[in-house]
Amino acid sequence: MLQPKWESTTRTRAASHVVLIVLLSLGALVMVIPFLWMLSTSFDWGARLTVPFPPRFWPEQLTTRTYQMAFMNIDMMRYLLNSFIVAGGVIVVSILSALLSGYALSKIRFKGGGLVLVLALSTMMIPFEMTMIPQYLLFDAMNLLDTYWVFYLPAMNYAFGTFLAKQFMDQLPDSLREAAIIDGAREVAVFARIYFALCTPIIATLIILQFLGVWNDLLWPLLALNSPDKYTIQLGLAMFTYNQGLNQLPAVIMAATTVSLVPVLLIYIFLQRYIVESIALTGIKQ
Amino acid sequence: MEESISVRKKKFFSQKDWTGYMFVAPLVIGVLIFAIYPMVAALLMSFQRTNGLSGTWVGLDNYIRVLLDSTFWDSLLNTLYMGFLSVVLGIWLSFILASLINGLPWTSWKNLFKSVYFLPNVVSAVATSILFSFLFYPDEKGLLNFLLGLFGADPIGWFTNPSFAQNSIVLMSLWGALGYNTIIFLAALQSVPRDLYEAAEVDGAGSLKKWWYITIPYLRPIFLFMIIMGTIGGMKRFTDVWLIGGTAGNPAGTLLTSVLYIYRNAFLASQMGIATAASYLLFLTILIMTVLMLKLNRRDTI
């Protein structure tokens, strides 16, 4: 805008930018309205039996009792805790596996490393829907259905994380490892003391991606878990709605849904940069 | 003798190699047990009549039965329709959105819009489906029907009317997925070389022309990537249709998708052979479509 040739059109350009902002704001409103309706309804005593008419975005009778009812009727505390446990386990297993192999592929350069990478990456294209039936039967045969091993064990197979970890470690200097090895350090120590610490940015990204993935997943928990006290939050919420029938008890269901969104929304608000960057990065790389 | 063997072994696999294998062991075990083995097991199962515990070899019987099952074709067509519509609408909408956001001169506004449009992306399919079942409430109490009512239109059974249900699902997934592609497009738009635009400006091209003749062709690989990823994602649709339409894919089976078909056969009817055969057919469909898109793209560029 500082360039002289644009000076004459500055006014029209400014006007077009305002139009742009108005247009984009309208679109943004469409994105936000469902959230506003959900929040309002979740605090709306008048919406506990049926959807209020005409639609409103502020509760007629503000209450938190709908939340109490949600926690009483749906075993929310347990489901939330379960989801945190599952997410925590999957994060530890998958990221450890990804970092270990990423390190080996990038720094140790052992025989057959390329083959391992190609093998892992090519299986990334296999949709889970293809493998879910034998995987279910495998866990059934091992008597591990309805336990959280169904989440922790497959987490070892984290090809995408391995790929990102290798890419990241490729940018770290080899000299750190070489110097440490000459000083007599063991490979594990080199990995744990030097490179692990340097990988913090990629670890943060992988933790966030894995947390969102595990927290929001439904299909595998639906297949592998039977006992209600083992349900994850998505499964618990889904089963309650499924059994109750859709469109019932708006306020209570919206309260439960809101609670189920709190962790991901907090992550989004505070760690958004990581999410957005990782998506832009992976989207272009792939 | 023993010594010479161990010496030769040392030569082939050094200490360094063994360390490497230790490090990649978890990944390799994971890949073998949870990717390679299930693929092979599913293939073997698809040639058997089996409930998962014991089975008898039936050759191509399962594939024939699936291919002759009109429900399978219905589910495939439903899946393709919803997938195709979501991909086409989603990519164009998000590309226009990204171009508009990119046109803003103020970074703070850009970041604000980026965050808002991406927000629904972190919401689970379960939460989205539950929320939209209320917003799409079938009588005038639903927000969308209320808005229609303001224009004098009759309420629509978004998720209950067979002729609307698929489009409603597409609408809902647009809300959820729009931001993802927008973020990728925004990053990609930064990568278009400035001098291309400058050269076009010298030739007197307006911003719309630049957009059409420079930006879009330049971002062609990104479009291809999104079409392929979107198609694969669309073919795997399950959670939302299961929650909204049940295992029957109601209303009137219009929300019965391929994965729901597989799920029903495997876990409701215990027909693991039929289910795995259907899953291989689905996989083949995805594979063929991907290869076709890559081929078409290559031919056009030459």
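Let me start with the two domains of chain A: their centres, taken over C-alpha atoms, lie 36 Å apart. The assignment puts domain 1 at residues 4–69 and domain 2 at 74–248. Keep in mind that this is a predicted model. Its scores are ipTM 0.91 and pTM 0.92.

Staying in chain A, look at helix H12, which covers residues 233–244. From its first C-alpha to its last, this helix of 12 residues reaches 16 Å, close to the 16 Å expected at 1.5 Å a residue. Which residues of H12(A) are buried? They are Ile233(A), Gln234(A), Leu235(A), Gly236(A), Leu237(A), Ala238(A), Phe240(A) and Thr241(A). Just after the helix comes Gly245(A), with a positive phi of about 95°.

Now the interface. Here 72 residues of chain A are in contact with 78 residues of chain B. On the chain A side, the element that gives the most is helix H13 of chain A, residues 250–285, with 14 residues. What is the make-up of the side of chain A that touches chain B? It has 50 nonpolar residues, 19 polar and three charged.

On to chain B. The mean pLDDT there is 91, and 95% of the residues reach 70 or more. The secondary structure of chain B is 14 helices and two strands.

As for overall shape, the C-alpha trace of chain B spans about 85 × 55 × 35 Å along its principal axes.

One residue of chain B to finish with: Tyr263(B), in helix H13 of chain B, residues 258–268. Is Tyr263(B) buried or exposed? Tyr263(B) counts as buried because 23 other C-beta atoms lie within 10 Å, and the cut-off for buried is 20 or more. Thr247(B) is 16 residues away from Tyr263(B) along the chain, and the C-alpha atoms of the two are separated by 8.4 Å.

Key
Residues are numbered from 1 along each chain as its sequence is written. Chains are lettered from A and ligands numbered from 1 in the order in which they are written. This is a predicted model: local features need pLDDT of at least 70, side-chain atom pairs count only at pLDDT 80 or more; totals for chains, interfaces and linings use all residues. pLDDT is the predictor's confidence in each residue, from 0 to 100. Domain bounds come from an automatic or database domain assignment. Helices (H or I, at least four residues) and strands (E, at least two) are DSSP runs, numbered from the N terminus. The expected span of a helix is 1.5 Å times one less than its number of residues. A residue is buried if 20 or more other C-beta atoms lie within 10 Å of its own, exposed if 12 or fewer, and partly exposed in between; C-beta atoms are placed from the backbone. Two residues are in contact if their C-beta atoms, placed from the backbone, lie within 7 Å. Ala, Val, Leu, Ile, Met, Phe, Trp, Tyr, Cys and Pro count as nonpolar, Asp, Glu, Lys and Arg as charged, and the others, Gly among them, as polar.
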